[in-house]
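I opened my notebook to look up a few places in this structure.

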Amino acid sequence: MAALLEVKALKAFYGQTQSLYDVGFAIEDGGITTLLGANGAGKTTTLRAICNMVRTEGSVRFDGKDITGMPTEEIVRLRIGHVPEGRGTFTTLTVGENLRIAAYTRKDKQGVRDELDRVFSYFPRLKERVQQQAGTLSGGEQQMLAIARALMLKPRLMLLDEPSFGLAPLIVVEIFRILRLINEEEGVSILLVEQNAALALDLADTAYVLETGRVVMWGPSAVVKNDENVRKSYLGY
Amino acid sequence: MPAFPKKWLWILLALAFLVPLLQPLLPDVVSNYRLFLVSTMIIAAIAVLGLNLLTGFNGQISLGHSAFYAVGAYTAAILMDKLDMPYYATLPIAAVMCFIVGYLFGLPALKLEGHYLALATFALALSVPQILKYKWLEDLTGGVQGIVLSKPDVPFGLPLNEDQWLYYYCLVVMVLLYWAAANILNSRSGRAMMAIRDQYMAADTMGIDTALYKTVTFGISAAYTGIAGALSASAIAFVAPDSFNFFLSIKFLIGLVVGGVGSLAGSVVGGIFYVLVDNSAQALSTFVKNDLGLQFDLSAYTVFGIILIVLMYLMPMGIVGGVYYLVRSMRSPGAKAREQAALKQRASS
Amino acid sequence: MEQFLQQIASGLANGAIYACVALALVMIYVSTDHINFAQGELAMFSTYISWQLMSWGAEFWVAFAVAVVFSFVMGVTIERVILRPLHNAPVLSIVVVFIGLLAICNSMAGAIWSYLIKEYPSPFPKSSFGIAGVIGPHQLGVVLVTLVVLGLLFVFFRYTSLGLAMRAAAQNPQMARLVGVRVDWMLALGWGLAASVGAVAGTMVAHIVYLDPNMMGGILLYAFASALVGGIGNPGGAVIGGFIVGVLENMVAYAGNQIEKITGVYIIGNGEKLTVALIIVIFVLTVKPAGLFGRVVVKRV
Ligand SMILES: Nc1ncnc2c1ncn2[C@@H]1O[C@H](COP(=O)(O)OP(=O)(O)O)[C@@H](O)[C@H]1O
Ligand SMILES: [Mg+2]
């Protein structure tokens, strides 16, 4: 099976400082891959580099197409849903507008309406708050909104940056349950960045570990989970 | 910062002092009109120097220096007109007056940065002609008519004509002010001024009294430009409110960016430049009409506008700064990289 | 009393103009953080275009429509060609470029159409329009046209997906890109709309202040005051601010007039309009930078 996303020798720079050094990985179509690593390892930067939000070198291929150097908005239009660090809520827009804006590029009105219904079935809480200013939502609700918004693009691949960050454990469990549903029912491939390694390794089939901008190990989640170093550094036992 | 080599400064200065003496030999080249033109260039240079102290060295944007120029010009004119004060005595008083006005304006300006300071000073520049016409000030300012003065007399029975004397007078004032500015910038205070420009936050933590430095710089800058205004009142022997409109501020801005933001020598070049363009506008327009056959009144401000925009792309450090760096980078290959880094640093600050 | 009402009415008419220009300023400000010092001169230039068309025989509203469309194209072009490459430039560069634009527009208008003051027609019927003794036909027309334009803009931004995309791009450009919005084009579009709204203001005010290359200077200053009073990041606030400042301006002159009548001492009048605007600008910037309705946006770090 061909990889949906293939990253080779990816370097990323903030000004003069380099943050990624020849990162490479591949995501199978329909799979869930997780990217683990300590704070500052370069996880967020990797997601940004895929969408060309930082200065990058190397190659990124999506669905066989070379997307290196394409403008962010054009990459996204290939149906890559990016749930960024910090959730990226449009705080002054309503919840409904936050969702509609993501379907802005889609011409099929009926499809958008169906999408909205589906999204609301995952996140009924958002439906109750359609008219509310998004900035007034709670953290968990904003995370749900961010995922819902990415879904409105009808993505083939979703990039998620620490969706569990700062949320109560119960809500985290809920969000991870929905991520699995999205993956299984709609066949959306997922690249998940997490600090919460235990949860991520349970969800994902493949895992990569980043350290100071380099991939230091990778493999099936089950294998990575049992690696002694990973256990010590990321799982805490 | 592009610093002018000392040796050349002295040679230029010597030339500047000698040139009027050539008048008997070359009466057509060194005409009275040209000397007068150069005097206005010197005045312009002082005004731009004032703006550069504030914007170039301290990082506070001002579009309102025409206002301080007006205060200087009117202070001088009123003192001469109402109190019969000799023209040279008006300069220090105009300077003090403008320092106070500038300092006071600098207080609210403390709260403003970047675009907002530009906006506040823009508003100041727009309203100054109107303030000068205010009914209660009419007795002093002469209202719309302004004040007619007489040209500076040649003192001590020196064998000079009026234009030659005016030239020396302006030149001496400029040299003194330039020397003072260079000394200020070389001192601890000068370094503090620039530290505030380069890294606003860090300056605070370095124990620099940012507020004090910013307001005092505002005052000094206004005083410089005000002195230029006072000189111009003597030189033109006339002040009227509408000559201190916003377009005067545009000229200062042209002088600033052409000469180089944060370059003393550049200020002089910038001042000379805008007077030159202003004076050639008629010739330019005639050229466009007669030689290019376009029915179009090319104005100096079209030229200024285009230069302002184009310079921001090509040489954001100004022509003097740009040429200086070009010369340097031709000499040493590493300089180019450092220049880029310096530009980036300023862009991000 | 009647005089008082007249003053309020003409204040509202002026306020409508200020509201338009202030809204144009805010539209550019919210999406780029730039204060467009050339906004007034662009509007002035567009007004000359409409005057030229009328002097060639075009109907007022045809000339008006062409001027509005011309301004839109001009605005988009300026953003794409001149400002886009400077998006990360220091503030001083941006301010300098705006001043350059201002100088070019002003001097080009003077060169093409001369600095002589021109009469500019009113499109509103003289009879049976307006309320006798209170508001004249042109003033009423100005208020109505402005309200229609503001209403259209409201609908556009609130109910169309393009309007939504523009709001999203202004609020969070990074995130807007991540949902596929072509942010650069949204900024250019915002510039175009702003220039169009400015053109409406110019064509509406030219009958009142007469047409000349410097006609927008004072109006721009009042528009700044309006935008600041409303909170410079707040489009609705800018519109309300426009009306407030318009009425305030006339009230100050009216009060000055009354004082002079009663005490015989002149304090303030029409001659101090710009000074009043200056005071409002400085006062709001330093004392209430968030405006009457806005959030604090002034000192960003
Ligand atoms: N905007 C930025 N500017 C400069 N350096 C950055 C920026 N964002 C991240 N970095 C640096 O890049 C490296 C990787 O950061 P990041 O990708 O955010 O890590 P992670 O998401 O794994 O915590 C870190 O060293 C960080 O300091
Ligand atoms: Mg991160």
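First, a term I need: a residue counts as buried when its relative accessible area is under 20%. I also noted that this is a predicted model.

**Entry: helix H5 of chain C**

I began with helix H5 of chain C, residues 137-159. Which residues of H5(C) are buried? I found C:His138, C:Gly141, C:Val142, C:Val143 and C:Val145. I also found C:Thr146, C:Val149, C:Leu150, C:Leu153 and C:Phe157.

Next I asked what the buried residues of H5(C) pack against. My list has helix H1 (2-32), helix H3 (60-83) and helix H6 (161-171) of chain C. It goes on with helix H8 (183-209) and helix H10 (235-263) of chain C.

Then I checked the span of H5. The helix has 23 residues, so at 1.5 Å a residue it should span 33 Å. I looked up its end C-alpha atoms, and they are 32 Å apart, which agrees.

**Entry: C:Asp184**

I stayed in chain C and moved to helix H8, where C:Asp184 has its place. Is C:Asp184 buried or exposed? Its relative accessible area is 18%, so I wrote down buried, since the cut-off is under 20%. I left aside its neighbours within four places in sequence and listed its contacts. They are C:Glu79, C:Arg80, C:Arg84 and C:Arg177.

**Entry: B:Thr55**

In chain B I looked up B:Thr55, which is found in helix H2 (residues 32-58). B:Thr55 is buried, because its relative accessible area is 5%. What does B:Thr55 touch, not counting residues up to four places away in sequence? In chain B I noted B:Gln60, B:Ile61, B:Ser62, B:Leu256 and B:Val261. B:Thr55 also touches C:Leu92, in chain C.

**Entry: ligand 1**

Last, I turned to ligand 1. Which residues surround ligand 1? Among them I found A:Tyr14, A:Ser19, A:Asn39, A:Lys43 and A:Arg48. By class, the shell has 3 nonpolar, 6 polar and 2 charged residues. Helix H1 (residues 43-50) of chain A gives the most to this shell, with 4 residues.

I then looked at single distances. An oxygen atom of ligand 1 lies 2.7 Å from a backbone N or O atom of A:Gly40. For A:Gly42, a backbone N or O atom lies 2.9 Å from an oxygen atom of the ligand. With A:Tyr14 the side chain takes part: one of its N or O atoms is 3.5 Å from a nitrogen atom of ligand 1.

How much of ligand 1 does the protein bury? Taken alone, ligand 1 exposes 550 Å², and the protein buries 60% of that.

Conventions:
Residues numbered from 1 in each chain as written. Chains lettered and ligands numbered in written order. Predicted model: local features only at pLDDT ≥ 70, side-chain atom pairs only at ≥ 80, totals over all residues. Heavy atoms only, no water. Helix = DSSP H or I, 4+ residues; strand = E, 2+ residues; numbered from the N terminus. Expected span 1.5 Å × (residues − 1). Buried < 20%, exposed > 50% of the residue type's maximum accessible area, 1.4 Å probe, protein only. Contact = heavy atoms within 4.5 Å. Near = heavy atom within 4 Å. Polar contact = N/O pair within 3.5 Å; in protein donor to acceptor, adjacent residues only side chain to side chain. Areas by Shrake-Rupley, 256 points an atom, 1.4 Å probe, with all protein chains shown as cover. Nonpolar A, V, L, I, M, F, W, Y, C, P; charged D, E, K, R; others polar.
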